Amino acid sequence: MSEFCLKCFNDINGTEVCEDEVLLSEDAEFCEGCGEMERVVISSKRNNRWQEFFRRMFSRYRD
Ligand SMILES: [Zn+2]
C-alpha cells in the first residue's frame, strides 16, 4: 500500500483533512508523493465517512 504524508494525501485525494481526522505514523516514513521523510497517513479515524468517500471515488472511476 502506498504511503503519503498528509499534504500529498490531500493533494491526491482533493481533500483538506487535518491531522485530527487521520492517523499518522509515529515515525517519519518515506512519502511516495513528495519523496520526503514525513509522518504518513495510516488510516482515518472517521472510518464511516471515509469508506463512503472512497466508495464514491471508486464508483466514479468504474463508470
Ligand atoms: Zn508527501
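Biologist: Is Cys18 buried or exposed, and why?
Modeller: Cys18 is exposed, because it has 8 other C-beta atoms within 10 Å.

Biologist: Where is Cys18 found?
Modeller: Cys18 is in the loop between helix 1 (6-13) and strand 1 (22-24). Its C-alpha atom is 7.6 Å from that of Leu6, and the two are 12 residues apart along the chain. Residues are numbered from 1 along each chain as its sequence is written.

Biologist: And what about Ser2, buried or exposed?
Modeller: Ser2 is exposed, with 11 other C-beta atoms within 10 Å. Ser2 sits in the segment before helix 1. Ser2 and Gly33 are 31 residues apart in sequence, yet 9.0 Å apart C-alpha to C-alpha.

Biologist: What pattern does the protein follow along the sequence?
Modeller: The pattern is α-β-β-β-β-α, with 2 helices and 4 strands. Those are DSSP runs numbered from the N terminus: helices are H or I of at least four residues, strands are E of at least two.

Biologist: Which residues are in the largest nonpolar core?
Modeller: Cys5, Cys8, Phe9, Cys31, Val40 and Val41. A nonpolar core is a set of buried Ala, Val, Leu, Ile, Met, Phe, Trp, Tyr and Cys residues joined through C-beta atoms within 7 Å. Of the protein's 63 residues, 11% count as buried.

Biologist: Where is confidence lowest?
Modeller: In helix 2 (residues 47-62), with a mean of 69, while strand 3 (residues 37-38) is highest at 97. The score is pLDDT, the predictor's confidence in each residue, from 0 to 100. This is a predicted model: local features need pLDDT of at least 70, side-chain atom pairs count only at pLDDT 80 or more, and totals for chains, interfaces and linings use all residues.

Conventions: Buried ≥ 20, exposed ≤ 12 C-beta atoms within 10 Å, placed from the backbone.
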